[in-house]
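Dear colleague,

Please find below the structure I promised to hand over. My notes on it follow directly after.

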Amino acid sequence: MTENTPEMDSVADRARLTSGADTWHTEEAAGTLPRLMLSDGPHGIRQQREGGDALGIGDSVPATCFPPAVALGSTWNCELVQRVGAALGEEARAQGVHVLLGPGMNIKRSPLGGRNFEYISEDPHVTGEIASAMVDGIQSQGVAATPKHFAVNNQESDRMRVSADLDEQTLREIYLNAFETVVRDARPWALMSAYNRINGDFASAADWLLTGVLRREWGFDGIVMSDWGAVADRVASLHAGLDLEMPPSGTDDQIADAVRDGALEESFLDATVERLRLLAERVALERTQGYDADAHHAIAREAATESIVLLRNDGILPLDADRLERIAVIGEFAAVPRFQGGGSSRVVPTRLTPALDAIRATIADRAEVTYAPGFGAEGEDSLIAAAVETVRVADVALVFLGLPDHAESEGFDRTDLDLPFAQLRLLQAVTETGVPTVVVLSNGGVVSVSDWHQSVAALVEGWLLGQAGGEAMADVLFGTGAPSGRLTETIPLQLSDTPSYRTFPGGAGHVRYGEGLFVGYRHYDSADVEVAYPFGHGLTYTSFAYEDLEVARVEGGGCRVSFTVRNTGERAGSEVAQVYVGRDDARKDRPIHELRAFVKVHLKPGESARVERVLPSRAFAEWDLSHDRWNVTGGARLIEVGGSSRDIRLSTSVDVEGDGFVNELSPWSTIAEWRAHPVGGEMLTKLMGGFGAGVADRAPELLQMVLQIPLIKLTSWGIGLTVENVEVMAATANGDRSE
Ligand code: GLC
C-alpha cells in the first residue's frame with residue numbers, strides 16, 4: 001500500500017463516502033457531508049428502531065400505512081398521489097429520514113410477480129405519471145425520493161443473479177419508459193439500481209444504463225444507490241455511475257487502491273462525491289416536530305376509497321342498509337385485514353380498522369351485522385358450515401376473500417393465480433344458499449376470477465388498501481363513497497393466456513422477454529384474446545357518455561385531443577377517460593394501441609366536462625432498432641378515447657407528421673430502402689431506368705423479391721455496377737442530406 005500522504009488520505013476519505021456508514025445511514029465528512037438517514041418504504045415510513053437487524057421487518061417506528069402502489073395506481077389520480085407523497089415526506093421529516101426508498105415502479109410483466117403489490121401497472125404511461133406524482137409529493141417536503149428498481153426488475157425469482165434478456169426496443173418502450181418520464185418530469189434526487197442483470201450486465205455496474213442512458217441521455221443529476229447488497233464489483237460499479245453502495249460491504253479500500261493504481265480515474269470518485277454533496281444540499285436536514293396522524297389517516301382513507309375497483313355489479317351495490325335487515329360478513333379478511341404486502345415495504349400502522357368494524361360502525365343502527373370467518377387456521381369444514389348457517393338467514397352476504405401473506409411477497413413469485421382452495425370451497429357453499437353475494441378481494445397480485453365471478457352479484461377488487469382500507473371499503477359498499485378505481489393491470493381469464501406464460505420466471509440464470517412489446521393489454525388487445533376484466537376497467541355507481549372528439553395537430557409534431565365526458569346517471573361519480581394511440585395499418589410488429597394520456601373527472605348527475613390533453617410527438621414514436629433512436633414515422637394514427645382498453649367510445653384518424661429523420665443509406669441498403677430515400681430513390685431510377693417497371697409488368701412477385709435485395713448484390717449482376725459506384729452513391733445520397 002502506498003504510504004499515506006495528505007492527498008492520498010483525501011482519496012481514502014472520499015472513497016469512504018461511496019458506501020453507507022451502516023444499513024440506514026450515509027457517511028459523514030466533517031464540514032462537507034452530513035450523515036443522512038435512508039428508510040423504506042414506498043407506502044409508509046419503515047424506520048428501523050436503533051439496533052434493528054438488517055431486515056427488522058415488522059419492528060419499525062409506527063407510521064401511516066398508505067395504500068401500496070397497486071392501489072395508488074388504481075386511483076389514476078395524480079393529484080391525490082402527490083398528496084400521499086407529501087404526507088410521506090412529512091412523516092419522513094418527523095422521523096429524521098432524509099431519503100425515502102420509493103416509489104417502486106417496475107412494470108408488471110407477469111401477474112405472478114411476487115412484488116406486484118409494490119408496483120403500479122403493466123403500462124409504462126400510467127406508471128410514469130403516478131410515480132412522478134409520488135416523487136413530486138415526497139420531494140416537496142425536502143425529502144429525496146428514490147424511484148426503484150432501475151431497471152428491468154420484473155420478478156423476484158433469482159432476482160440477485162438473473163439476467164433479464166430483451167431487445168433494445170422492448171427495453172426502451174416498456175421497461176425504461178416510466179423511469180425516463182420520472183427522471184425528466186419529476187427530477188428525483190436519488191435512484192436505486194436493481195439487483196438483476198440486463199442482457200448479462202449487472203444493473204448496478206452497467207455504465208450504458210447508469211451513465212449513458214440515465215445521465216447523458218435523460219439528464220439525471222441525482223445519486224444512484226444500490227439495492228441492498230446488490231454490488232458485485234465496487235470499482236466497476238463506481239465507474240459505471242453507481243455512487244453509493246448500501247449497505248456498506250467494508251470494501252472502500254478497493255476504490256482508494258484503484259484510484260492510487262490508476263485503474264480508476266480520480267474524476268469518477270470526485271463526481272460521485274459531488275453528487276453526494278448535492279444530495280445533502282437538496283434535502284432538508286433538520287427533523288421536524290411531528291405530523292398530524294389524523295390528517296394523514298384521512299388522506300390514506302381518501303386514497304384507499306379511490307383505489308377500490310368495482311369489477312362487476314348487478315345493481316346490488318351500493319347496499320341500502322335501510323332496506324336490509326341482516327348482513328352476513330364472511331371471511332377472515334373482514335376481521336383480520338390484509339392491507340399491505342410482505343418484505344422491505346412493510347409498515348407498522350398508526351391504527352387499523354377492520355372492514356367488519358367499519359361496516360358495523362356504518363350501519364349498526366339500521367341493520368344487523370353478523371360474522372363468520374369461513375376460513376382460517378382451524379378445521380375447514382366446520383368453518384364453512386358455520387359460515388353457511390350465518391348466510392342462510394341474511395339478506396346479503398359480503399364475502400371477504402384474497403391472498404394470504406404467505407402467498408405473495410418481495411423475495412418470491414407466485415406459481416398460479418388461484419385463490420386458496422379453502423376460500424373457493426367457502427364461496428361455492430355461500431353462493432349455493434342463493435343469498436345475493438358480494439365478493440370483496442384483498443390481494444396484491446391479480447387473482448383469477450373466471451371460474452366463479454358470474455355466480456356473484458358483485459365483485460369488488462380491493463387490492464391492498466393500507467390502514468384505512470376497512471373504512472374505505474365500508475364507504476364504497478354502502479354508498480358513502482363511490483368506487484372510482486380502474487385496473488392498471490389486466491385480469492386474464494387464465495394464466496396460460498398471459499404473454500409471459502412460457503418465459504416467466506426463466507431459469508438457468510436467464511429470463512427471456514420473448515413477448516417483446518406485447519405486455520399486458522398490448523398483447524391481449526392486439527391478439528384479440530378474451531380477458532376477465534380489461535386494463536382500465538372499473539365500474540361506478542353512475543354512467544358516462546363521451547361526445548365531440550376533436551383532434552388537431554400542434555407545433556412540434558404532437559396533437560391536441562379534446563372531447564366531452566358527461567355523467568348520464570343518477571349519482572355523482574368519477575370517470576377515468578383514457579386516450580390511446582392506435583394504428584389502422586396492418587403492422588403486426590406493434591401493439592394495436594397504447595395508452596398515451598388519461599384524466600380523471602368527477603361529475604355530478606347531468607354535468608359534463610370538456611377534457612383536453614396534448615400528446616407530444618413522443619406519443620407517436622417508436623424505438624428504431626437500426627439507428628438507436630426514437631423515431632416518428634409520418635402517417636395515419638388512430639386516436640381512441642374511452643373508459644378502458646376494451647371500451648373505446650370515440651375514435652378518429654389523424655395524419656401525424658414524421659420527425660424528418662431519414663435513414664442513412666449504405667451499400668447494404670435494400671432496393672426498397674433506396675427507392676424510399678428522398679435522394680437515393682432518384683439515383684436508383686437513373687441507375688436502373690425502366691428495369692423495375694419491366695419486372696413489375698412481367699411478374700409482380702419478382703418485384704417483391706428484387707425489392708428485398710441489398711444494392712451491393714447488383715454489382716454481380718453484370719449491369720456495370722461496381723462496389724465503388726455503390727459506395728459513391730451512398731455517400732452522395734447521405735451527403736446531399738447533410739447540406
Ligand atoms: C430490499 C428491496 C429494496 C429496499 C431495500 C432496503 O432488498 O429490494 O426495495 O428498499 O432492500 O430495505
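Thr540 sits in the loop that links strand S17 (531-533) to strand S18 (544-553); strands here are DSSP runs of E with at least two residues, numbered from the N terminus. The model is predicted, so local features need pLDDT of at least 70 and side-chain atom pairs count only at pLDDT 80 or more, while totals for chains, interfaces and linings use all residues. Residues are numbered from 1 along each chain as its sequence is written, and side-chain values use heavy atoms, with hydrogens and water left out.

Thr540 is buried, at a relative accessible area of 13% (buried means under 20%, with a 1.4 Å probe and protein chains only). A polar atom of its side chain lies 2.9 Å from the backbone oxygen of Thr542. Not counting residues up to four places away in sequence, Thr540 touches Leu310, Pro483, Arg486 and Ser574, where contact means heavy atoms within 4.5 Å.

Strand S20 (residues 573-582) and S21 run antiparallel and are joined by 10 bridges; pairing requires at least two bridges found by DSSP. Val579 stands opposite Ala597 in S21. In strand S21 (residues 593-603), 10 of the 11 residues are buried.

The ligand is surrounded by 14 residues, each having a heavy atom within 4 Å of it. Asp40, Arg115, His149, Tyr195 and Asp227 are the closest. A polar side-chain atom of Asp227 lies 2.7 Å from a ligand oxygen atom, and one of Glu410 lies 3.3 Å from an oxygen atom of the ligand.

Kind regards

Note on methods: A polar contact is a pair of N or O atoms within 3.5 Å; within protein, one must be able to donate a hydrogen and the other to accept it, and residues adjacent in sequence count only if both atoms are side-chain atoms. Buried means under 20% relative accessible area, exposed over 50%, partly exposed in between (1.4 Å probe, protein chains only). Helices (H or I, at least four residues) and strands (E, at least two) are DSSP runs, numbered from the N terminus.
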